[in-house]
Every structure is written in C-alpha cells, then in structure tokens.
Amino acid sequence: MKFLVSRYNPESDASPYMQAFDVEVSRGMMLRDALLEIKRQDESFAFRHSCGEGVCGSDGVNVNGTNKLACITPISELKEPIEIRPFPGRPIIRDLVVDMTQFYQQYKAVKPWLVRNDPMPEQEILQSPQDRDKLDGLYECIMCGCCSTACPSFWWNPEKFHGPQALLTAWRFLADSRDQATDERLDALEGPYKLFRCHTIMNCVEVCPKGLNPTKAIGHIKNLMLKNAV
Amino acid sequence: MALNKRRFDALIIGAGGAGLNAAIQLANTDARVAVVSKVFPTRSHTVAAQGGVNAALANVLPDNWHWHMFDTVKGSDYLGDQDAIEFMCREAIPTVYELEHNGVPFSRLDNGKIYQRAFGGQSQNFGGAQAARTCAAADRTGHAILHALYQQNVRARTHFFDEYFAIDLIRDDEGAILGALVLEIETGEPLLIEAKATVLATGGCGQVYRTTSNAHINTGDGTAMALRAGIPLMDMEFFQFHPTGIAGKGMLITEGVRGEGGYLINKDGERFMERYAPNAKDLASRDVVSRAIVTEVKEGRGCGPQADHVLLKVDHLGEDIVSKRLPGIRESGKIFAGVDAVHEPLPVFPTAHYVMGGIPTDPYGRVIVPQGTGEEVVPGLYAAGECACVSVHGANRLGGNSLLDILVFGRAAGLDVIDSLKEHKNHRPMNESSVEAAMARLTRWDQQGDGLSVRELRDEFRKTMEDHAGVFRTEEIMSEGVEKLKALRDKLPDVRLHDQSKVFNTARVEALELENLFDTGIAIAYSALMRRESRGAHSRPDYPSRDDGNWMKHSLYFREGDRMDYKPVRTKPLTVESFPPKERVY
C-alpha cells in the first residue's frame, strides 16, 4: 500500500516535502505499525510513539487531513494513498514531530490540579457515585493534542485561546465535587480569548480519539459562568 | 565545545509514578529538583496500568494490612523481604488517601468511599476468603494516578527536562553518584546534570522480549545504567508473564476483568482454572494462571485456527458492568482483537509484563551493594519503582502491588533524599574521567561506515530472549540462549548509525536503548540459567520444585564478567512475626 509521508530535517531541508513509501499491510494493522515499517526502511524517519494502545497520547498525526492517534487507527479505515503529516499549526521540529510547548502552556494555565481549602480528612474525601460520574468523559483525556491542533481558533490564537484540551481540563476540575476553586477558575477564564474564542466549530469532538467532547465541556463552563453571574 | 552543565539538589530520572511521587515530596520543600524524562511525563508507562492499586482500606470487605502482607509474602513465593513488605502494606493505606487528596478520580461506592475490587492472590484472614483490596479508577487507574501526580508537580513547579535521554550515571572514585549525563533529544546536545542525590525511576524493561504488554520506551535504561556503574541487579530471573495479553499482540487485558467475574475457557468451553487452582480459580496468582494457559495450549486445548490461545469470557457480566467498570478493556478488545467483550469472549495468551528484579535498594530507596560480608549504601544514589528491587515482589508480583510499589517507594525515596540533603549541603567534586566515559558512550555512535543496523540486532536479540529466557526454561534452552546472547553482544561494536543528524534523531535514541536492552536482558537470561529451582514466575521443568534449602536467596548479577553472587532473604518483618515458607496453593 502507498503511503505519502511528510519529511523535514531542519539540518538539511529548506521546507517540508512528501515522500512515498510502499508498505506491505496485513490484517488488523494499525497506522503506527505502518509508520514503524517505514522507519525500518529509513531509520532517519522521526515520529513520537510509545504505548501502542491509545493511552500515552504520543502518536497523534494528521492522516488524510484528519488528526488521529496512529496506534489505534486501523489501516483498513483509511483511503489510499494515505497521506501523513504532522499536526497542523504547530512548529515542525522534524518529520512528524512538532513543538507542543504552547499546547502544554495552555494546559498549565488552567491550573490543572485539585484545589482544596478545607483541611484534608484522615481518610478519603467522600464523593457520591453520581458526583464521580460527572468526571466521566473528562478525566480520560490523554493530552495527545488531536483536538487543539484541529481547532481553527487555536491555530489563530494559540497564545491567547486555551484551546479545547485545556478547557476540557478546566471543566474536569470545575465538575469535580471535591474541588474548591470554582470562583477563581471561572474568573480566570473571563475575557474575550481564553474561553470565548471557541466558536463551536466542533472539530475537537470529531477528532478526539477517546470519544471525549470538549465543546460540550466549554458549553458547561459558559453556563456555569452565566449562572454564577446572575 | 564546552559541555553544558546544570546543578540541582536532586535529579530524578524517569517521570512515571515513582519519579513523580519522589519529585512531589522534594518540590514541596525548598529543594531544587530536576526530573529528566525521555518522553513528556504523562506518556510514561504508568499511564497504561489498568486494574488498580492495593491498600487494605476495607471499604468493601473486611481487610487489614497484615492480611495484605501475608498475601504478598505468599505471592512472592517467600522470596520477598518481609521488612520491606510490611513497610509497603502499612504505607499503602495513607498512600492511597494521599493520592485521593491529590485529585485522583477513583471510582466510588454508594457511601462515597473509594471503590475496591477483587484481584488475584488476595485473601482475608491469612489465606481465607477472597478479599477486595484493589482501589480502582474504572480500568484506567494508572492514567488517573499519573495525570494527578503530574498535575501536582506542575502546581509545585518541579523543574522538568522533557524529552531528555539519560546516557549514564556519573560517579567518583569512591563510587558516589554525582549526577548524570543526559541528551537533549530535540537538539542532540549533551548536558551534564550535577546533583547531590540521583533517583533512578526509569521503569521496566519488557522490550527485551518480542511480545510484551510494555511500551516502546520500556527498555531497561535505569537498570543498565546501574550495571554500567558497577552495581549488580537483583533477582532478574523473575519476570512476570501476565496471563491475559491480547493473543498475538500483547496488549494487556487487566486482571480486573477476572476480578469483576470474567473467567478463562479452553476450546471445549471448559473453565480450566478449576483444575489448576480449585479454590482461587481464575484469581490464582499470575504465574499460576500463565502456566495453566500455556499448558492448555501445549496439550492441544487452545482456541482459534492455530489453537494458540484461550478465551476470556466476559459477556455473562452484562453490558452495564462492562461499560461501567471495564470501559477501556471493551475499547481495546474492539480495536485490537475485533471483539466486543459484551458479546464475545476475548482471545488471550500470556505476555511479557513485569520484571520483579532490579536495582537492589533498602526500604528508603537507597541503592545497596555487597561490601565485604555485609552491604553498604551507594552514596547519592536511589532507585524506586519497577527498575528497583526492594524486594517486595520476590519471585512473583501480585496484581495491584505494582502501582503500590512505585508510589510507596517513590515517596520514601523522595523523603529520604530530603533528609540526606540536610547532611550533604554541598555537591561533591566532579569526576572528569567518569564524564568522559559517559560521553564516549554517546560519541561511539558518531562512527560512520557500513555495519549492522540497530533494527537487525534488536529484532534478533528480542526473539532470542523470547525463545530462550521466556516461559519455558530448561538448562538446555537457557544455556543455548546465553551463548547466543553473548554472541549477539559481541556484534554490538559493529552496529552503525546511518542517520548522523542531531535534531530529534530517534534512531540515535534507539541505538542507546539497544545497549540498555542488551545489558538488562542478559542479566535476566544469565540469572535464570543459574537458578536451579522453580519458584514463582521462574519455572523450570528440569527442577520442578521450590528448593528452600539451597535457593531461598536473592541473586545478584554483575555486568563485569557476567558474575553471580547471592544474598539471604530478609525474613524478619519490622514489628510482626515472620511468615515461614509454606507450600503455595491457591
């Protein structure tokens, strides 16, 4: 099967170009297996990957125009020729490896940790199963970056707009019955950019390899802001 | 060009659960701590742990740490050190509460407490009824824990060196560890990090085998660095093959599936574990279940066209339980086996999963080496997590004790580093010759010309390990294996890197990892050959019994001259009576 792969080595290339590889595909093969096969043919080919089962979030790439996690994308689902590019909108370091610094900065900007002001109990902080259920669809995020790098608002304002991943994380803590920083979290999201640059284009929902819904989370944050303002 | 240098109080190598739990202790003080990781921290393999972490919280069924301790000692086939095991089982309880306080989204019971499930090898009252000791966040517990620990380190402003690869430890002539030489992957530039204390928390080495549940990054980097620094590895022959990897692929299906009521069947639909472990059945210890599966397949009762696997039946649990408690497994089954566990059984076979052995430490994470007739601490060096051997798992690890090990001993190491910093206010003088030796390991790969490729040698090595140091271990198979591995090791100097570029050169990283795979893998194969008994995960048809008279002792493998040494098991716990060795039945 024919694969077209984006190549770029800053030490020798002026700009990225596409290179063709033929890969023998077998039943049940994932896109990561094909990338590994390409690396067997050419060891200079660079991409990030690790767990191979969709939990570490290392191997997000753009395939035929859509961001996907290579290790859980079956080749059989893809149309030939398969074109593989790095995530759009991020500076390319080499081949499929992009600089995700801004993505991580936005994540850190939402203070992604549980805040408690009360003294900690000797045992666990109690949480009802119903309250715990509110975290489902939020805590499973693997920070692969498929969503944020598919988001036009993040492409235009990566330094000001938090992007879907960070906002999903913000809601993960706002939705946690144990967290005690609701007001601070909401205040920090005020202004025209951080949250409100989301124009519900919903690319994030379409590409999330874990089936999460950042747009919905953003909607929840907006509703809570409204409710608290009244 | 002058070598770039940075100075910290403490250097932690590895950003999984052990490294991050060590780091957070230090970051909460005013110590300057650096965490070096070859991947962004949340990509570390702790993220893949599914089932949960053991602690005798007694949220579901009666429990106490002493029962947990008994199960762990028995599970270890009496090779675990009972002082370390007591320490771990006591510490488990506050450790899990601390995790919860740090934000881990554990699943909950109706009364709001942490959900706990049954796992293999767990009992009430020292071998009685099944216990429920494994605290779970659905079947994504490792992910939930790793992310929470990373988040807490972000809060505490831990200094991260993301995507830096540790090349070697730096030590002085007295053997004290002074820090490490690391490689910035993005630029290809080396960096010397000096530290008063260095913690190895590099995780496992499952990539030494061809079929493994372990990630691409689990290449035994820390164990190999320790070996090259003259430190032996302990009990490396004990490698756990998890009973339920997806057949032919190796991805893990958590023991939690059986904890929730799933069970194994052969081609006749027989629930065969009833024959091998009449009481515990599918929740017998992992080594017992793995051997049973391999025996079923060898005796012709395997499933599928090749009769090369067995089936894990889940569909009788109903969609509710599967979706609620095992959502990740349902997803993995669909993706990798094309099977929806709600409707069909999953094809499974044992997969290389976990190394019980590692860098010898005491319960404070301090690395200890033989000295005269006793032992001494290696100044400035700690190890925690899968790369270390405390030893709490002995010859076989219980499910749910691995997350526990990394958290308890990562924390203990962090706390002991804090203490040691009070005494050691200054950095020791740098040792240039050790820096040069580490640099030589890096520059060796600048050699150009024709030669073997990293890939060729790696493939051959991993296949040899699987064939000769895997589940089947006879004298003949293993001695042939050790010879083959040594012959492959002799070819290492002939390997050439064809890609000599600097920027994000993953081929260079893989070349450095190949050396680590060799050092760590040969330690496994050699230690296995030398142990002439069957104990826990180390099963020898030619020596089918456990031999406490001759072999109730820890192995130590030294890289120089492939030398073995042994030391006694610590059978005396901290405060309670010792559990004497008994026959291990489930």
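**Exercise 1. Find the residue in β14(B) that stands opposite B:I246, and describe the sheet around this pair.**

*Solution.* Step 1. The residue opposite B:I246 is B:V348, which lies in β14(B). This is a predicted model, in which local features need pLDDT of at least 70 and side-chain atom pairs count only at pLDDT 80 or more, while totals for chains, interfaces and linings use all residues. Residues are numbered from 1 along each chain as its sequence is written, chains are lettered from A and ligands numbered from 1 in the order in which they are written, and side-chain values use heavy atoms, with hydrogens and water left out.

Step 2. Strand β14 of chain B covers residues 346–355, and β11(B) pairs with it in the antiparallel sense over 6 bridges. Two strands pair if DSSP finds at least two bridges between them. Strands (E, at least two residues) and helices (H or I, at least four residues) are DSSP runs, numbered from the N terminus.

Step 3. The open sheet of chain B has 4 strands in the order β11-β14-β13-β12, with antiparallel pairing. Its edge strands are β11 (239–246) and β12 (263–265) of chain B, each of which pairs on one side only. On average, neighbouring strands of this sheet are turned by 50 degrees against each other, direction ignored. Such angles run from 0 to 180 degrees between N-to-C directions, and axes are lines fitted to C-alpha atoms, for helices over the stretch in contact.

**Exercise 2. State in what order the 5 strands of the open sheet of chain A stand, and which helix packs on the sheet.**

*Solution.* Step 1. The order is β2-β1-β5-β3-β4 of chain A, and the pairing is mixed. β2 (17–22) and β4 (66–69) of chain A have a single partner strand each, so one side of each is left without a neighbour in the sheet.

Step 2. Neighbouring strands here are turned by 35 degrees against each other on average, direction ignored.

Step 3. Strand β1 (residues 2–7) and strand β5 (residues 82–85) of chain A pair in the parallel sense over 3 bridges. Within this pair, A:V5 stands opposite A:I84 in β5(A).

Step 4. The helix is α1 (residues 31–41) of chain A, which touches β1, β2, β3 (60–63) and β5 of chain A. Contact means heavy atoms within 4.5 Å. The direction of helix α1 of chain A makes about 70 degrees with that of β1(A).

**Exercise 3. Determine how β17(B) pairs with β9(B) and with β16(B).**

*Solution.* Step 1. Strand β9 (residues 189–200) and strand β17 (residues 374–383) of chain B pair in the parallel sense over 3 bridges. The bridge partner of B:L200 in β17(B) is B:A383.

Step 2. Strand β16 (residues 366–371) of chain B runs antiparallel to β17(B), and 5 bridges join the two. B:P370 stands opposite B:E375 in β17(B).

Step 3. β16(B) and β17(B) form a hairpin with 2 residues between them. B:G372, in the turn, has a positive phi of about 60 degrees.

**Exercise 4. Describe how α14(B) and α15(B) pack.**

*Solution.* Step 1. Two packed helices are described by the angle between their axes and the distance between the axes.

Step 2. The axes of helix α14 (residues 475–491) and helix α15 (residues 506–530) of chain B come within 9 Å and cross at roughly 155 degrees. Therefore α14(B) and α15(B) are roughly antiparallel to each other (angles under 35 degrees count as roughly parallel, over 145 as roughly antiparallel, 65 to 115 as roughly perpendicular and the rest as oblique).

Step 3. Residues of α14(B), including B:M478, B:V482 and B:L485, meet residues of α15(B), among them B:F518 and B:I522.

**Exercise 5. Locate the cis peptide bonds A:E80–A:P81 and B:V390–B:S391.**

*Solution.* Step 1. The bond joining A:E80 and A:P81 has an omega of about -5 degrees. A:P81 lies in the loop between β4 and β5 of chain A.

Step 2. For B:V390 and B:S391, omega is about 10 degrees. B:S391 is found in the loop between β18 (388–389) and α11 (401–423) of chain B.
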